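Have a look at the picture and then read on.

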Amino acid sequence: MEKAKISASQLFILMILFQLSNSLLIPLAINAGRDSWLAIIIAMIVSIFLFSVYQALYQYYPALLPTDYMEKLIGKVFGRTLAFLYILFFLFSAARVLREFGVMLLSLAFPETPLFVMSALLILVVVYTVYKGIEVVARTGELLFVVMGLLGLFLLLLIAISGLIDISNLKPFLEEPSKVIKTAFTETLYVPFGEIIVFTMIFPYLNQARKLKKTAIFAIGTTGVILALTMALNISVLGLALTERALFPLLSTIQSIEVGEFLERVDVIFVLILVIGGFFKVSVYVYGAVIGTASLFNIKEPSRLAYPLGMVVLLLSMIVANNYPQHLQEGLKVFPLYAQLPFQVIIPVLLLIIAFFKNKKT
Amino acid sequence: MKILGISLFMFILLAGISLGFDLLQGFNLSTILKTFNPLYVMELPELTVLCLLILILILRPVFSFLQKRQEKKR
(Lines give C-alpha, C1' and ligand atoms only; values in the text may rest on other atoms or scores of the structure.)
Protein backbone atom coordinates (compact mmCIF):
# COMPACT_ATOMS: atom_id res chain seq x y z
CA MET A 1 0.00 0.00 0.00
CA GLU A 2 1.32 3.43 -0.86
CA LYS A 3 1.57 6.09 1.84
CA ALA A 4 -1.24 8.43 0.80
CA LYS A 5 -4.45 9.85 2.20
CA ILE A 6 -7.56 11.26 0.53
CA SER A 7 -10.34 13.29 2.10
CA ALA A 8 -14.05 12.42 2.24
CA SER A 9 -14.88 15.13 -0.30
CA GLN A 10 -12.28 13.77 -2.72
CA LEU A 11 -13.78 10.29 -2.35
CA PHE A 12 -17.25 11.73 -2.98
CA ILE A 13 -16.08 13.39 -6.21
CA LEU A 14 -14.24 10.29 -7.38
CA MET A 15 -17.32 8.11 -6.76
CA ILE A 16 -19.58 10.47 -8.72
CA LEU A 17 -17.17 10.79 -11.67
CA PHE A 18 -16.60 7.03 -11.67
CA GLN A 19 -20.28 6.11 -11.68
CA LEU A 20 -21.43 8.76 -14.11
CA SER A 21 -18.82 8.24 -16.83
CA ASN A 22 -19.94 5.43 -19.12
CA SER A 23 -23.45 5.28 -17.63
CA LEU A 24 -24.14 8.57 -19.40
CA LEU A 25 -22.93 6.99 -22.61
CA ILE A 26 -24.84 3.71 -22.76
CA PRO A 27 -28.64 3.27 -22.93
CA LEU A 28 -28.95 2.54 -19.20
CA ALA A 29 -31.92 0.38 -18.07
CA ILE A 30 -33.49 0.70 -21.53
CA ASN A 31 -35.12 -2.74 -21.21
CA ALA A 32 -37.49 -1.14 -18.69
CA GLY A 33 -38.86 1.03 -21.53
CA ARG A 34 -40.37 4.36 -20.53
CA ASP A 35 -39.81 3.54 -16.86
CA SER A 36 -36.04 3.19 -17.18
CA TRP A 37 -35.63 6.16 -14.83
CA LEU A 38 -37.62 4.24 -12.21
CA ALA A 39 -35.45 1.14 -12.68
CA ILE A 40 -32.39 3.34 -12.03
CA ILE A 41 -33.91 4.73 -8.81
CA ILE A 42 -34.78 1.19 -7.59
CA ALA A 43 -31.28 -0.05 -8.40
CA MET A 44 -29.83 2.95 -6.58
CA ILE A 45 -31.80 2.15 -3.40
CA VAL A 46 -30.78 -1.53 -3.52
CA SER A 47 -27.17 -0.54 -4.15
CA ILE A 48 -27.13 1.41 -0.90
CA PHE A 49 -27.71 -1.91 0.89
CA LEU A 50 -24.99 -3.46 -1.25
CA PHE A 51 -22.65 -0.66 -0.25
CA SER A 52 -23.46 -1.40 3.41
CA VAL A 53 -21.98 -4.87 2.86
CA TYR A 54 -18.73 -3.37 1.45
CA GLN A 55 -18.65 -0.85 4.30
CA ALA A 56 -19.22 -3.50 6.97
CA LEU A 57 -16.29 -5.49 5.58
CA TYR A 58 -14.16 -2.35 5.65
CA GLN A 59 -15.15 -1.74 9.30
CA TYR A 60 -13.75 -5.15 10.25
CA TYR A 61 -10.40 -4.42 8.57
CA PRO A 62 -10.10 -0.62 8.13
CA ALA A 63 -6.35 -0.58 7.52
CA LEU A 64 -6.21 -3.49 5.08
CA LEU A 65 -6.82 -3.79 1.36
CA PRO A 66 -9.45 -6.39 0.33
CA THR A 67 -6.66 -8.44 -1.24
CA ASP A 68 -5.10 -8.69 2.24
CA TYR A 69 -8.19 -9.36 4.34
CA MET A 70 -9.42 -12.06 1.95
CA GLU A 71 -6.32 -14.03 2.92
CA LYS A 72 -7.16 -13.58 6.61
CA LEU A 73 -10.77 -14.61 6.10
CA ILE A 74 -10.58 -17.69 3.90
CA GLY A 75 -6.99 -18.83 4.19
CA LYS A 76 -3.82 -18.24 2.23
CA VAL A 77 -4.52 -20.31 -0.90
CA PHE A 78 -8.20 -19.47 -1.39
CA GLY A 79 -7.75 -15.87 -0.25
CA ARG A 80 -4.89 -15.19 -2.65
CA THR A 81 -6.71 -16.89 -5.53
CA LEU A 82 -9.83 -14.84 -4.87
CA ALA A 83 -7.79 -11.63 -4.62
CA PHE A 84 -6.14 -12.45 -7.94
CA LEU A 85 -9.55 -13.05 -9.53
CA TYR A 86 -10.69 -9.65 -8.28
CA ILE A 87 -7.66 -8.02 -9.90
CA LEU A 88 -8.52 -9.75 -13.19
CA PHE A 89 -12.11 -8.52 -12.82
CA PHE A 90 -10.92 -4.92 -12.37
CA LEU A 91 -8.65 -5.14 -15.40
CA PHE A 92 -11.38 -6.70 -17.55
CA SER A 93 -13.84 -3.98 -16.51
CA ALA A 94 -11.25 -1.30 -17.30
CA ALA A 95 -10.74 -2.80 -20.77
CA ARG A 96 -14.48 -2.80 -21.42
CA VAL A 97 -14.79 0.87 -20.41
CA LEU A 98 -11.77 1.79 -22.55
CA ARG A 99 -13.35 0.08 -25.54
CA GLU A 100 -16.61 1.98 -25.04
CA PHE A 101 -14.84 5.33 -24.97
CA GLY A 102 -12.62 4.46 -27.91
CA VAL A 103 -15.65 3.57 -30.03
CA MET A 104 -17.53 6.69 -28.90
CA LEU A 105 -14.64 8.99 -29.86
CA LEU A 106 -14.24 7.25 -33.21
CA SER A 107 -17.89 7.33 -34.15
CA LEU A 108 -18.33 10.96 -33.15
CA ALA A 109 -15.16 12.91 -33.70
CA PHE A 110 -12.34 10.87 -35.25
CA PRO A 111 -13.77 8.55 -37.93
CA GLU A 112 -10.41 8.11 -39.72
CA THR A 113 -8.32 7.46 -36.60
CA PRO A 114 -7.66 3.80 -35.74
CA LEU A 115 -9.30 2.54 -32.54
CA PHE A 116 -5.99 1.31 -31.16
CA VAL A 117 -4.35 4.73 -31.44
CA MET A 118 -7.31 6.43 -29.75
CA SER A 119 -7.35 3.91 -26.89
CA ALA A 120 -3.55 4.12 -26.57
CA LEU A 121 -3.71 7.90 -26.11
CA LEU A 122 -6.34 7.54 -23.39
CA ILE A 123 -4.54 4.75 -21.55
CA LEU A 124 -1.21 6.63 -21.59
CA VAL A 125 -2.83 9.50 -19.66
CA VAL A 126 -4.37 6.97 -17.27
CA VAL A 127 -1.00 5.23 -16.78
CA TYR A 128 0.70 8.54 -15.97
CA THR A 129 -1.97 9.45 -13.39
CA VAL A 130 -1.94 6.01 -11.76
CA TYR A 131 1.88 6.15 -11.71
CA LYS A 132 1.63 9.37 -9.68
CA GLY A 133 -0.67 7.73 -7.09
CA ILE A 134 -4.14 8.04 -5.61
CA GLU A 135 -3.60 11.58 -4.25
CA VAL A 136 -2.99 12.88 -7.76
CA VAL A 137 -6.04 11.01 -9.10
CA ALA A 138 -8.18 12.57 -6.33
CA ARG A 139 -6.83 16.11 -6.84
CA THR A 140 -7.34 15.88 -10.60
CA GLY A 141 -10.87 14.76 -9.83
CA GLU A 142 -11.51 17.89 -7.74
CA LEU A 143 -10.32 20.07 -10.59
CA LEU A 144 -12.21 18.37 -13.40
CA PHE A 145 -15.41 17.79 -11.40
CA VAL A 146 -16.10 21.54 -11.49
CA VAL A 147 -15.52 21.65 -15.28
CA MET A 148 -17.76 18.62 -15.81
CA GLY A 149 -20.51 20.00 -13.56
CA LEU A 150 -20.57 23.42 -15.22
CA LEU A 151 -20.62 21.94 -18.72
CA GLY A 152 -23.38 19.51 -17.71
CA LEU A 153 -25.51 22.35 -16.34
CA PHE A 154 -24.92 24.36 -19.52
CA LEU A 155 -26.13 21.45 -21.68
CA LEU A 156 -29.19 20.95 -19.46
CA LEU A 157 -30.01 24.63 -19.81
CA LEU A 158 -29.67 24.45 -23.61
CA ILE A 159 -31.97 21.39 -23.81
CA ALA A 160 -34.57 23.18 -21.67
CA ILE A 161 -34.34 26.43 -23.71
CA SER A 162 -34.58 24.69 -27.08
CA GLY A 163 -38.00 23.33 -26.11
CA LEU A 164 -37.22 19.71 -26.98
CA ILE A 165 -38.61 18.18 -23.79
CA ASP A 166 -41.98 16.46 -24.27
CA ILE A 167 -43.11 14.91 -20.96
CA SER A 168 -45.91 12.97 -22.69
CA ASN A 169 -43.21 10.66 -24.12
CA LEU A 170 -42.76 9.31 -20.59
CA LYS A 171 -46.39 8.18 -20.33
CA PRO A 172 -47.94 5.68 -19.64
CA PHE A 173 -46.22 5.33 -16.30
CA LEU A 174 -45.45 1.80 -15.00
CA GLU A 175 -46.64 0.03 -18.13
CA GLU A 176 -44.90 -3.23 -17.19
CA PRO A 177 -43.79 -3.21 -13.52
CA SER A 178 -42.20 -6.68 -13.79
CA LYS A 179 -39.84 -5.40 -16.50
CA VAL A 180 -38.77 -2.49 -14.32
CA ILE A 181 -37.92 -4.78 -11.40
CA LYS A 182 -36.15 -7.28 -13.66
CA THR A 183 -34.04 -4.58 -15.33
CA ALA A 184 -33.14 -3.00 -12.00
CA PHE A 185 -31.95 -6.30 -10.52
CA THR A 186 -30.31 -7.86 -13.59
CA GLU A 187 -28.65 -4.84 -15.24
CA THR A 188 -28.70 -1.48 -13.49
CA LEU A 189 -27.67 -2.76 -10.08
CA TYR A 190 -24.36 -3.97 -11.53
CA VAL A 191 -23.68 -1.04 -13.89
CA PRO A 192 -22.98 1.54 -12.54
CA PHE A 193 -23.88 1.02 -8.87
CA GLY A 194 -22.28 -2.35 -8.13
CA GLU A 195 -19.09 -1.20 -9.79
CA ILE A 196 -18.21 0.74 -6.62
CA ILE A 197 -16.75 -2.55 -5.37
CA VAL A 198 -13.44 -1.23 -6.79
CA PHE A 199 -13.58 1.56 -4.19
CA THR A 200 -13.01 -1.04 -1.47
CA MET A 201 -9.39 -0.84 -2.67
CA ILE A 202 -9.41 2.91 -1.99
CA PHE A 203 -11.33 3.02 1.33
CA PRO A 204 -8.16 2.31 3.42
CA TYR A 205 -6.68 5.58 2.08
CA LEU A 206 -9.52 7.65 3.52
CA ASN A 207 -8.30 10.02 6.26
CA GLN A 208 -11.66 10.22 8.07
CA ALA A 209 -13.03 6.67 8.18
CA ARG A 210 -16.16 7.66 10.13
CA LYS A 211 -17.31 9.86 7.26
CA LEU A 212 -17.24 7.00 4.75
CA LYS A 213 -20.85 5.84 5.06
CA LYS A 214 -22.38 9.30 4.76
CA THR A 215 -20.10 10.27 1.86
CA ALA A 216 -20.65 7.12 -0.17
CA ILE A 217 -24.44 7.04 0.31
CA PHE A 218 -24.64 10.68 -0.69
CA ALA A 219 -22.51 9.96 -3.79
CA ILE A 220 -24.65 6.95 -4.79
CA GLY A 221 -27.85 8.97 -4.26
CA THR A 222 -26.58 11.92 -6.31
CA THR A 223 -25.45 9.66 -9.16
CA GLY A 224 -28.76 7.78 -9.13
CA VAL A 225 -30.78 10.99 -9.37
CA ILE A 226 -28.57 12.40 -12.17
CA LEU A 227 -28.76 9.17 -14.18
CA ALA A 228 -32.53 8.82 -13.69
CA LEU A 229 -33.00 12.42 -14.84
CA THR A 230 -30.74 11.82 -17.84
CA MET A 231 -32.69 8.77 -19.01
CA ALA A 232 -36.01 10.55 -18.46
CA LEU A 233 -34.63 13.47 -20.49
CA ASN A 234 -33.48 11.15 -23.30
CA ILE A 235 -36.88 9.48 -23.58
CA SER A 236 -38.80 12.74 -23.32
CA VAL A 237 -36.69 14.31 -26.09
CA LEU A 238 -36.15 11.38 -28.46
CA GLY A 239 -39.15 9.19 -27.67
CA LEU A 240 -38.85 5.55 -26.65
CA ALA A 241 -38.27 4.04 -30.11
CA LEU A 242 -35.34 6.30 -30.95
CA THR A 243 -33.79 5.97 -27.49
CA GLU A 244 -33.90 2.18 -27.78
CA ARG A 245 -32.22 2.24 -31.20
CA ALA A 246 -29.55 4.83 -30.43
CA LEU A 247 -26.08 3.54 -29.57
CA PHE A 248 -25.46 6.63 -27.44
CA PRO A 249 -28.88 8.12 -26.52
CA LEU A 250 -27.62 11.18 -24.64
CA LEU A 251 -25.44 12.05 -27.61
CA SER A 252 -28.48 11.92 -29.93
CA THR A 253 -30.39 14.12 -27.44
CA ILE A 254 -27.62 16.70 -27.39
CA GLN A 255 -27.21 16.59 -31.16
CA SER A 256 -30.83 17.69 -31.50
CA ILE A 257 -30.18 20.93 -29.58
CA GLU A 258 -30.81 23.99 -31.73
CA VAL A 259 -31.13 27.38 -30.08
CA GLY A 260 -32.02 30.47 -32.11
CA GLU A 261 -30.79 28.89 -35.37
CA PHE A 262 -27.18 29.61 -34.51
CA LEU A 263 -26.27 27.51 -31.44
CA GLU A 264 -25.95 23.93 -32.71
CA ARG A 265 -23.51 21.03 -32.68
CA VAL A 266 -22.76 21.30 -28.99
CA ASP A 267 -21.99 17.58 -28.92
CA VAL A 268 -18.31 18.44 -28.51
CA ILE A 269 -19.13 19.54 -24.95
CA PHE A 270 -20.72 16.15 -24.34
CA VAL A 271 -17.59 14.40 -25.60
CA LEU A 272 -15.50 16.53 -23.24
CA ILE A 273 -17.70 15.54 -20.27
CA LEU A 274 -17.48 11.88 -21.23
CA VAL A 275 -13.74 11.85 -21.74
CA ILE A 276 -13.31 13.32 -18.24
CA GLY A 277 -15.60 10.63 -16.79
CA GLY A 278 -14.04 7.80 -18.81
CA PHE A 279 -10.55 8.84 -17.78
CA PHE A 280 -11.52 8.57 -14.10
CA LYS A 281 -13.31 5.28 -14.50
CA VAL A 282 -10.38 3.58 -16.21
CA SER A 283 -7.95 5.25 -13.77
CA VAL A 284 -9.77 3.98 -10.67
CA TYR A 285 -10.03 0.45 -12.10
CA VAL A 286 -6.36 0.37 -13.11
CA TYR A 287 -5.35 1.85 -9.75
CA GLY A 288 -7.33 -0.87 -7.94
CA ALA A 289 -5.60 -3.52 -10.02
CA VAL A 290 -2.16 -1.96 -9.52
CA ILE A 291 -2.28 -1.76 -5.70
CA GLY A 292 -3.97 -5.16 -5.52
CA THR A 293 -1.23 -6.76 -7.62
CA ALA A 294 1.49 -4.97 -5.65
CA SER A 295 0.18 -6.28 -2.33
CA LEU A 296 -0.47 -9.78 -3.68
CA PHE A 297 2.94 -10.24 -5.33
CA ASN A 298 4.94 -8.19 -2.77
CA ILE A 299 6.06 -5.51 -5.19
CA LYS A 300 7.64 -2.64 -3.25
CA GLU A 301 6.90 0.11 -5.76
CA PRO A 302 3.29 -0.23 -7.00
CA SER A 303 3.83 2.61 -9.49
CA ARG A 304 6.11 0.37 -11.55
CA LEU A 305 3.07 -1.78 -12.34
CA ALA A 306 1.11 1.09 -13.88
CA TYR A 307 2.57 0.91 -17.38
CA PRO A 308 2.58 -2.91 -17.84
CA LEU A 309 -0.99 -3.25 -16.51
CA GLY A 310 -2.05 -0.28 -18.64
CA MET A 311 -0.75 -2.16 -21.69
CA VAL A 312 -2.68 -5.27 -20.61
CA VAL A 313 -5.86 -3.16 -20.48
CA LEU A 314 -5.10 -1.60 -23.87
CA LEU A 315 -4.52 -4.90 -25.68
CA LEU A 316 -7.48 -6.51 -23.93
CA SER A 317 -9.76 -3.64 -25.00
CA MET A 318 -8.93 -4.56 -28.60
CA ILE A 319 -9.89 -8.21 -28.27
CA VAL A 320 -12.72 -7.92 -25.76
CA ALA A 321 -15.34 -8.03 -28.54
CA ASN A 322 -15.50 -8.35 -32.32
CA ASN A 323 -17.61 -5.23 -32.71
CA TYR A 324 -19.55 -2.71 -30.63
CA PRO A 325 -23.01 -4.39 -30.78
CA GLN A 326 -21.41 -7.62 -29.57
CA HIS A 327 -19.67 -5.66 -26.84
CA LEU A 328 -23.04 -4.24 -25.71
CA GLN A 329 -24.68 -7.68 -25.80
CA GLU A 330 -21.87 -9.11 -23.72
CA GLY A 331 -22.35 -6.27 -21.24
CA LEU A 332 -26.07 -6.96 -20.97
CA LYS A 333 -26.23 -10.77 -20.95
CA VAL A 334 -22.97 -12.54 -20.16
CA PHE A 335 -20.83 -10.14 -18.11
CA PRO A 336 -23.46 -9.31 -15.42
CA LEU A 337 -24.34 -12.95 -14.84
CA TYR A 338 -20.89 -14.55 -14.84
CA ALA A 339 -18.70 -11.73 -13.54
CA GLN A 340 -20.58 -8.86 -11.95
CA LEU A 341 -23.11 -10.86 -9.93
CA PRO A 342 -20.49 -13.04 -8.21
CA PHE A 343 -17.82 -10.35 -7.75
CA GLN A 344 -20.11 -7.51 -6.75
CA VAL A 345 -22.81 -9.29 -4.76
CA ILE A 346 -22.30 -12.97 -3.88
CA ILE A 347 -18.63 -12.98 -2.80
CA PRO A 348 -18.80 -9.77 -0.68
CA VAL A 349 -21.91 -11.10 1.11
CA LEU A 350 -20.21 -14.45 1.79
CA LEU A 351 -17.04 -12.70 2.98
CA LEU A 352 -19.10 -10.55 5.35
CA ILE A 353 -20.78 -13.64 6.83
CA ILE A 354 -17.35 -15.26 7.36
CA ALA A 355 -15.95 -12.02 8.83
CA PHE A 356 -18.91 -11.79 11.20
CA PHE A 357 -18.39 -15.29 12.60
CA LYS A 358 -14.58 -14.97 12.73
CA ASN A 359 -14.74 -11.71 14.66
CA LYS A 360 -17.45 -13.05 16.96
CA LYS A 361 -15.18 -15.87 18.09
CA THR A 362 -12.29 -13.53 18.94
CA MET B 1 11.29 -9.05 -15.10
CA LYS B 2 8.92 -10.22 -12.37
CA ILE B 3 6.50 -7.43 -13.25
CA LEU B 4 6.62 -8.30 -16.94
CA GLY B 5 5.95 -11.95 -16.13
CA ILE B 6 2.97 -11.08 -13.94
CA SER B 7 1.53 -8.78 -16.63
CA LEU B 8 1.96 -11.37 -19.35
CA PHE B 9 0.35 -14.04 -17.17
CA MET B 10 -2.58 -11.73 -16.46
CA PHE B 11 -3.01 -10.88 -20.14
CA ILE B 12 -3.09 -14.56 -21.13
CA LEU B 13 -5.68 -15.31 -18.44
CA LEU B 14 -7.82 -12.31 -19.36
CA ALA B 15 -7.67 -13.18 -23.06
CA GLY B 16 -8.85 -16.66 -22.12
CA ILE B 17 -11.72 -15.20 -20.09
CA SER B 18 -12.67 -12.96 -23.02
CA LEU B 19 -12.70 -16.04 -25.27
CA GLY B 20 -14.92 -17.79 -22.73
CA PHE B 21 -17.40 -14.89 -22.72
CA ASP B 22 -17.55 -14.97 -26.54
CA LEU B 23 -18.23 -18.70 -26.45
CA LEU B 24 -20.97 -18.17 -23.85
CA GLN B 25 -22.60 -15.71 -26.22
CA GLY B 26 -22.87 -18.50 -28.78
CA PHE B 27 -20.12 -17.57 -31.26
CA ASN B 28 -18.16 -20.36 -32.89
CA LEU B 29 -14.44 -20.74 -32.24
CA SER B 30 -13.21 -19.84 -35.73
CA THR B 31 -15.06 -16.49 -35.72
CA ILE B 32 -13.72 -15.62 -32.29
CA LEU B 33 -10.13 -16.57 -33.08
CA LYS B 34 -10.09 -14.26 -36.12
CA THR B 35 -10.59 -11.11 -34.07
CA PHE B 36 -9.11 -12.61 -30.95
CA ASN B 37 -5.68 -11.66 -32.19
CA PRO B 38 -5.40 -7.86 -31.78
CA LEU B 39 -2.78 -7.74 -34.55
CA TYR B 40 -5.26 -9.19 -37.02
CA VAL B 41 -7.32 -6.00 -37.20
CA MET B 42 -4.38 -3.58 -37.17
CA GLU B 43 -2.91 -1.52 -39.98
CA LEU B 44 0.58 -0.07 -40.32
CA PRO B 45 0.16 3.09 -38.16
CA GLU B 46 -1.42 1.04 -35.40
CA LEU B 47 1.34 -1.55 -35.57
CA THR B 48 3.94 1.22 -35.31
CA VAL B 49 2.31 2.59 -32.14
CA LEU B 50 2.02 -0.94 -30.72
CA CYS B 51 5.70 -1.68 -31.39
CA LEU B 52 6.70 1.60 -29.75
CA LEU B 53 4.60 0.86 -26.66
CA ILE B 54 5.98 -2.67 -26.35
CA LEU B 55 9.53 -1.36 -26.79
CA ILE B 56 9.01 1.05 -23.87
CA LEU B 57 7.57 -1.85 -21.86
CA ILE B 58 10.62 -4.04 -22.41
CA LEU B 59 13.34 -1.36 -22.33
CA ARG B 60 12.83 -0.31 -18.72
CA PRO B 61 13.27 -3.75 -17.07
CA VAL B 62 16.24 -4.54 -19.36
CA PHE B 63 17.85 -1.21 -18.51
CA SER B 64 17.38 -1.69 -14.75
CA PHE B 65 18.71 -5.27 -15.03
CA LEU B 66 21.87 -4.04 -16.79
CA GLN B 67 22.28 -1.27 -14.22
CA LYS B 68 22.06 -3.77 -11.36
CA ARG B 69 24.64 -6.01 -13.03
CA GLN B 70 27.06 -3.13 -13.40
CA GLU B 71 26.61 -2.21 -9.75
CA LYS B 72 27.33 -5.80 -8.73
CA LYS B 73 30.53 -5.83 -10.80
CA ARG B 74 31.74 -2.72 -9.01
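Predicted model: local features only at pLDDT ≥ 70, side-chain atom pairs only at ≥ 80, totals over all residues.

Residues are numbered from 1 along each chain as its sequence is written, chains are lettered from A and ligands numbered from 1 in the order in which they are written, and side-chain values use heavy atoms, with hydrogens and water left out.

**Where the chains meet**

In all, 37 residues of chain A touch 31 residues of chain B, where contact means heavy atoms within 4.5 Å. Together the chains bury about 3200 Å², with 77% of it on carbon and sulfur atoms; buried area is the accessible area (1.4 Å probe) that two parts lose on being put together, summed over both. Of what chain A buries against chain B, 19% comes from A:Phe116, A:Ile319 and A:Asn322, more than any other three residues supply. How many salt bridges are there between chain A and chain B? The count is zero, a salt bridge being a side-chain nitrogen of Lys or Arg within 4 Å of a carboxyl oxygen of Asp or Glu.

**Helices side by side**

Helices here are DSSP runs (H or I, at least four residues), numbered from the N terminus.

| Pair | Angle | Axes apart |
|---|---|---|
| H12(A) and H1(B) | about 20° | 10 Å |
| H5(A) and H3(B) | about 25° | 9 Å |
| H4(A) and H12(A) | about 55° | 8 Å |

Angles under 35 degrees count as roughly parallel, over 145 as roughly antiparallel, 65 to 115 as roughly perpendicular and the rest as oblique. H12(A) and H1(B) are therefore roughly parallel. Their contact includes A:Leu309, A:Val312 and A:Ile319 on one side and B:Met10, B:Phe11 and B:Leu14 on the other.

Within chain A, H4(A) and H12(A) are oblique to each other. Among the residues in contact are A:Phe92 and A:Arg99 of H4(A), along with A:Leu309 and A:Val312 of H12(A).

**A link across chain A**

Over all chains, the salt bridges number seven. One of them pairs A:Glu175 with A:Arg34, whose closest N and O atoms are 3.5 Å apart. These partners sit 141 residues apart, A:Glu175 in the loop between H6 and H7 and A:Arg34 in the loop between H1 and H2.

**Backbone details**

Most residues other than glycine have a negative phi, and most peptide bonds are trans. A cis bond joins A:Lys171 and A:Pro172, with omega about 0°, and another joins A:Val191 and A:Pro192, with omega about 5°. A:Pro172 is in the loop between H6 and H7, while A:Pro192 is in the loop between H7 and H8. A:Ala29 has a positive phi, near 55°, and lies in the loop between H1 and H2 of chain A.

Definitions and conventions:
Axes fitted to C-alpha atoms, helices over the stretch in contact; angles between N-to-C directions. Helix = DSSP H or I, 4+ residues; strand = E, 2+ residues; numbered from the N terminus.
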